[in-house]
Amino acid sequence: MSETTSTPEVLWAQRSSSSDPSKNFVYLTISVPDVPKEGIQLDLKPTGLTFTGTSATLKRKFHVDLEFFAEIDTAESKINHTSKNVEMKLQKKELKDEYWPRLLKENKKLHFLKTDFDKWVDEDEQNEAPEEDFSQFGGMGGMPGMGGGT
């Protein structure tokens with residue numbers, strides 16, 4: 001059976017702050033079931049990311065290229081790999097109270113990109129939102145092609 005390439009579902013949510021960098025980020029989850037850590041190639045840049053992952057059992061290859069609305073700080077961003085997905089907390093570079101109007105630079109609807117309503121907080125309610133637990137997010141080390149961490 002030959003390998004098919006598909007675009008994974010990408011979920012996102014965000015927070016913003018003009019004064020606290022730790023509250024100025026984008027949550028990004030790439031849903032790739034059964035893709036082992038060794039089967040992932042992730043290239044995170046200030047303006048976007050390229051992801052490729054292969055599932056041996058499903059005989060599927062996942063690939064997505066995203067160009068962000070604005071720049072992120074790759075050194076301060078965090079990545080966590082689970083058996084179902086790759087979760088990222090991407091630190092926004094510019095401190096602003098306003099949310100990004102969208103995740104991507106280009107203003108078009110993409111079938112695979114969805115709002116992560118489990119993590120979404122409205123702009124005017126973000127100060128009351130509970131602090132998220134990021135203990136599952138390690139440093140940048142251990143992710144192929146990520147550099148850093150050793």
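**View 1. Lining of the second largest pocket in the predicted model.** The residues that line the second largest pocket are Trp 12, Arg 102, Leu 103, Leu 104, Glu 106, Asn 107, Lys 108, Lys 109, Leu 110, Leu 113, Lys 114 and Thr 115. By residue class, this lining divides into five nonpolar, two polar and five charged residues, and the volume of the pocket comes to about 170 Å³. Strand 9, which spans residues 113–115, gives the most to the lining, contributing three residues.

View 2. Leaving aside residues up to four places away in sequence, Val 32 touches Pro 8, Phe 51, Phe 62, Ser 83, Lys 84, Asn 85 and Val 86. Thr 52 is 20 residues from Val 32 in sequence, and the C-alpha atoms of Val 32 and Thr 52 are 9.8 Å apart in space.

**View 3. Strands, contacts and surface of the whole protein.** The protein has nine strands and zero helices, so that its elements, read from the N terminus on, run β-β-β-β-β-β-β-β-β. Of the contacts between residues at least 6 apart in sequence, 64% join residues at least 24 apart. Buried residues make up 39% of the 150 residues, while the accessible surface comes to about 8500 Å², with 48% of this area belonging to carbon and sulfur atoms.

Methods. Residues are numbered from 1 along each chain as its sequence is written. This is a predicted model: local features need pLDDT of at least 70, side-chain atom pairs count only at pLDDT 80 or more; totals for chains, interfaces and linings use all residues. Side-chain values use heavy atoms; hydrogens and water are left out. On a 1 Å grid over the protein atoms alone, a cavity is a set of points where a 1.4 Å probe fits but cannot get out, and a pocket is an open set with protein on both sides within 12 Å along at least five of seven lines; lining residues have an atom within 4 Å of a point. Grid points are joined across faces, edges and corners, and a volume is the space filled by probe spheres set on the points. Helices (H or I, at least four residues) and strands (E, at least two) are DSSP runs, numbered from the N terminus. Ala, Val, Leu, Ile, Met, Phe, Trp, Tyr, Cys and Pro count as nonpolar, Asp, Glu, Lys and Arg as charged, and the others, Gly among them, as polar. Buried means under 20% relative accessible area, exposed over 50%, partly exposed in between (1.4 Å probe, protein chains only). Contact means heavy atoms within 4.5 Å. Accessible areas come from the Shrake-Rupley method with a 1.4 Å probe; for residues, only the protein chains shown count as cover.
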